[in-house]
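Hi there,

Here is the structure I promised to pass on to you.

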Amino acid sequence: MIDANKILLIKDRMRIEDVVGAFFDLKKSGIEYTCLCPFHDDRHFGSFKISPRKNIAKCFSCGWHGDPVKFLMDYLNIDYPDAIRWLGKKYSIDVDMEDKHFTPPPPRPLPPPLPMLTLPLQWVQRRHRGIECNTLVKWICTGIRWDAAQRAHIDEVLDEYYIGHNQRTGMTIFWQIDEEQRVRTGKMMLYRPDGHRDREARYGFDWIHSALFRDKRHPEYDAEKVEARPTLFGMHLLSKYPKADVHIVESEKTALLMAIAYGNRANEFWMACGGLEMLSAERLKPIIDQGRRIILYPDCDGVAKWKAKAENLRYTRVAVNTDPVLKWWLPEDGEKADIADVVVRMINSHPIPKTVTNYISKDP
Ligand SMILES: [Zn+2]
């Protein structure tokens with residue numbers, strides 16, 4: 001048994017940057033640090049953030065987040081008492097020795113939240129500059145055998161989601177605009193000519209807010225003064241489709257393909273969460289508050305985790321649809337196929353059913 005007071009003392013002393021820094025070289029990024037995420041196959045800096053201010057780390061890609069204790073438990077695969085012992089050693093506190101005269105320190109107050117970063121709407125509206133040389137857009141236009149009706153949707157869908165293009169790096173920009181049409185940030189990813197992510201490139205992944213915080217030419221965007229709060233890709237469409245069910249896939253690319261294949265309509269439209277972390281009651285609040293039906297579409301490797309997340313929401317109008325990865329999937333798609341791979345194979349071998357609702361086997 002470890003003395004509860006010793007645990008309090010350790011929790012007061014422990015610093016996330018010390019703990020993650022004991023295993024990885026940290027890069028300073030504004031007031032935060034970053035390193036490659038140890039919890040997913042991460043090849044680019046930028047997703048895994050270590051915040052000394054909040055004393056936590058979190059990954060914007062795979063959704064892992066936690067304090068120093070959770071980091072040690074998950075990274076070293078040890079239990080809670082051993083994580084406390086690890087920290088005791090680090091901070092020279094003998095956790096297994098009793099100390100009758102010991103008084104625990106008062107809990108450290110949480111810093112007040114910083115105001116939310118919002119970006120000018122004009123940035124989003126300038127999106128078309130250079131869009132014709134964007135690899136993802138090129139692949140969508142020329143690499144898929146859409147039928148005439150689907151093809152007619154392409155421009156409309158690219159407009160609807162404000163798909164942008166970074167001229168310097170060639171990355172596609174997926175703006176994250178909230179339900180009140182505030183531009184919160186954007187995710188930038190580089191694609192290969194075959195429509196898959198380019199994970200080897202130097203500029204393969206970035207966030208608009210991280211790039212701004214790093215860029216000394218924009219002193220008004222300062223990580224010490226504002227905080228980026230990501231939202232789901234497509235959240236801004238809630239007001240355009242006030243009565244629609246919300247279909248949520250993981251990747252932004254898949255959301256685009258589904259919207260082109262089936263069209264965003266009065267009764268259904270597509271969003272992407274980008275990662276498990278975004279499937280929380282807090283992030284989905286605008287949708288839940290409106291009492292909308294939510295249908296989640298996990299990729300092959302996420303079925304159990306997404307079901308657990310859906311359960312945790314404690315919301316009656318949410319369902320998980322595994323048809324794309326269980327019923328539509330064929331061995332030729334490969335074990336690692338995601339929904340986009342399956343759907344593109346189906347589109348390429350016409351015809352596909354006229355509406356996605358035909359596919360949905362369960363009515364939540
Ligand atoms: Zn991660």
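First, the ground rules. This is a predicted model, in which local features need pLDDT of at least 70 and side-chain atom pairs count only at pLDDT 80 or more, while totals for chains, interfaces and linings use all residues. Residues are numbered from 1 along each chain as its sequence is written, and side-chain values use heavy atoms, with hydrogens and water left out.

**The largest pocket**

The largest pocket holds about 1600 Å³ of space. Its lining has 44 residues, and His40, Arg197, Arg199, Glu250 and Asp301 are the closest to the centre. On a 1 Å grid over the protein atoms alone, a pocket is an open set of points where a 1.4 Å probe fits, with protein on both sides within 12 Å along at least five of seven lines, and lining residues have an atom within 4 Å of a point. Volume is the space filled by probe spheres set on the points, which are joined across faces, edges and corners.

By class, this lining splits into 22 charged, 11 polar and 11 nonpolar residues (Asp, Glu, Lys and Arg are charged; Ala, Val, Leu, Ile, Met, Phe, Trp, Tyr, Cys and Pro nonpolar; the others, Gly among them, polar). Helix H11 (303-312) is one of the elements that supply at least two residues, and H11 gives the most, with three. Helices (H or I, at least four residues) and strands (E, at least two) are DSSP runs, numbered from the N terminus. Domain 1 (4-90) and domain 2 (121-358) each contribute at least three residues to the lining of the largest pocket; the bounds come from an automatic or database domain assignment.

**The second largest pocket**

Here the volume is about 1100 Å³. Of its 35 lining residues, Asn166, Arg168, Met188, Asp206 and Ala211 are the closest to the centre. Elements that give two or more residues include strand S7 (172-177) and helix H8 (208-214), and H8 gives the most, with five. The lining of this second pocket has 12 charged, 12 polar and 11 nonpolar residues.

**Ile140**

Ile140 sits in helix H6 (residues 135-142). Ile140 counts as buried because its relative accessibility is 0%, where buried means under 20% relative accessible area with a 1.4 Å probe and protein chains only. Leaving aside residues up to four places away in sequence, Ile140 touches Trp146, Ile154, Leu256, Leu257 and Ile260 (contact means heavy atoms within 4.5 Å). The C-alpha atoms of Ile140 and Ile154 are 8.1 Å apart.

Best wishes

Key: Buried means under 20% relative accessible area, exposed over 50%, partly exposed in between (1.4 Å probe, protein chains only).
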